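Keep the sequence and the 3D view side by side.

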Amino acid sequence: MWIAARKGQAPEIEILSVDDGPGIRDLSQAMRDGFSTAGSPGTGLGAVQRLATDFDVHSEVGKGTVILARLRTAAARTGAFKWGVVALPAPGETVCGDSWGVAFDGHRAAMLVADGLGHGEHAAEASMAAVDLFAKQPFAGLKEALEEAHIILRMSRGAAVTRAQLDAETNSLLAAGAGNVAMRIVSGVFNRSVLAQNGTVGVQMRRVEETRMDWPAHALVVCHSDGLQSRWPPQAITALIGRDPTLAAAVLVRDYGRGRDDVTVLVMRRDD
C-alpha cells in the first residue's frame with residue numbers, strides 16, 4: 001500500500017494497492033458485487049470504486065494488479081493535462097531524497113524531478129531547494145532556471161535536476177537538466193529519450209543545453225530518478241497510455257525499481 005496526502009486548493013488522499021500476484025483474469029466480473037475468489041462477501045473493489053473520487057485499476061495475468069483510489073472533498077482536477085507520481089524513500093529511510101513539482105498555465109505544463117545526492121534528510125533538503133525555485137517561476141527559461149538553481153544549491157549537497165515545459169498546442173516538449181534524472185516520451189510508436197547532461201546542480205555543471213522534441217497526441221511524458229532502471233521497455237506502459245498516469249508510474253516502480261534507492265516516477269499526458 002502506497003499512500004500520499006497532498007495539500008493545496010483541492011487536498012486529497014491517494015491510495016495505491018500494488019502487488020505482483022497472479023492478476024485478475026476477468027476484471028469486469030471482479031468489479032461486480034458478490035464475486036469473490038476467497039469466500040468473502042465480494043464487495044471490495046466495487047465499494048472502493050463507489051467511495052473514491054477517482055478510481056482506476058490495471059491487472060495483468062501473471063504480473064499483478066495496481067488499484068488507484070483518490071479521495072477529495074473539493075472538485076476533481078481540471079485543466080488540459082493529467083498527471084501522476086510515485087515517490088518512495090530508500091529502504092530504511094523515512095524521508096525521500098527525491099522531490100518533484102508540476103505547474104499548469106492553460107495549454108502549457110511544467111514539470112521537474114530532482115534527486116538529491118545520497119539519501120535521507122540532507123538529500124531531501126537539496127532536492128526541495130530545486131522545487132522551491134521551480135514553484136516561484138515554473139515557466140522561466142530552462143537554461144536560466146538551472147543556472148540559478150546551480151547557485152542556490154551550492155549551500156546543499158547538490159542534486160540531479162531535470163525540468164521540462166510541455167505545450168499541448170504546438171505538440172512540443174522543451175527539456176533541460178543535469179545529472180541522472182531521465183525523461184522519455186512514450187506513445188507506442190514514438191518512443192524517445194531526452195539525453196541528460198552529466199553533472200550535479202550545485203556541485204559541478206556543464207553549460208546547460210535545451211532539447212526540443214515533438215510530443216505526439218496521447219503520448220506519455222515520463223520523468224524519473226535513477227531509483228528506476230534506465231532501460232525499462234516502453235511496452236511496459238503502452239497499455240496504460242489512455243489511463244490515469246499514476247497507474248503507469250506505479251507499474252514502472254513495481255517492475256523496474258532498483259529497490260535500494262529513493263525512486264520517483266512522474267508521468268504526464270494530455271487530458272482526454
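Which residues have the most contacts inside the largest nonpolar core? They are Val 222, Trp 232, Ile 237, Leu 252 and Val 265, in a core of 24 residues. A nonpolar core joins buried Ala, Val, Leu, Ile, Met, Phe, Trp, Tyr and Cys residues through side-chain atoms within 4.5 Å. Buried means under 20% relative accessible area (1.4 Å probe, protein chains only).

This is a predicted model: local features need pLDDT of at least 70, side-chain atom pairs count only at pLDDT 80 or more, and totals for chains, interfaces and linings use all residues. Residues are numbered from 1 along each chain as its sequence is written, and side-chain values use heavy atoms, without hydrogens and water.

Trp 232 touches Arg 184, Val 186, Val 222, His 224, Ile 237, Leu 252 and Tyr 256, leaving aside residues up to four places away in sequence. Contact means heavy atoms within 4.5 Å. Another core lies apart, with 23 residues, including Phe 81 and Trp 215.

Now turn to the helices, which are DSSP runs (H or I, at least four residues), as strands are (E, at least two), numbered from the N terminus. Helix α3 covers residues 120-136. Its buried residues include Gly 120, Ala 130 and Phe 134. The buried residues of α3 pack against β6 (98-105), β7 (108-116), α4 (142-152) and β8 (159-167).

In α4, Leu 142, Ala 145, Leu 146, Ala 149 and His 150 are buried. They sit on the same side of α4, because their arc around the axis is only 140 degrees, taken from the directions from the helix axis to the C-beta atoms. An α-helix has 3.6 residues a turn, so residues three or four places apart point the same way.

Methods
Buried < 20%, exposed > 50% of the residue type's maximum accessible area, 1.4 Å probe, protein only. Expected span 1.5 Å × (residues − 1).
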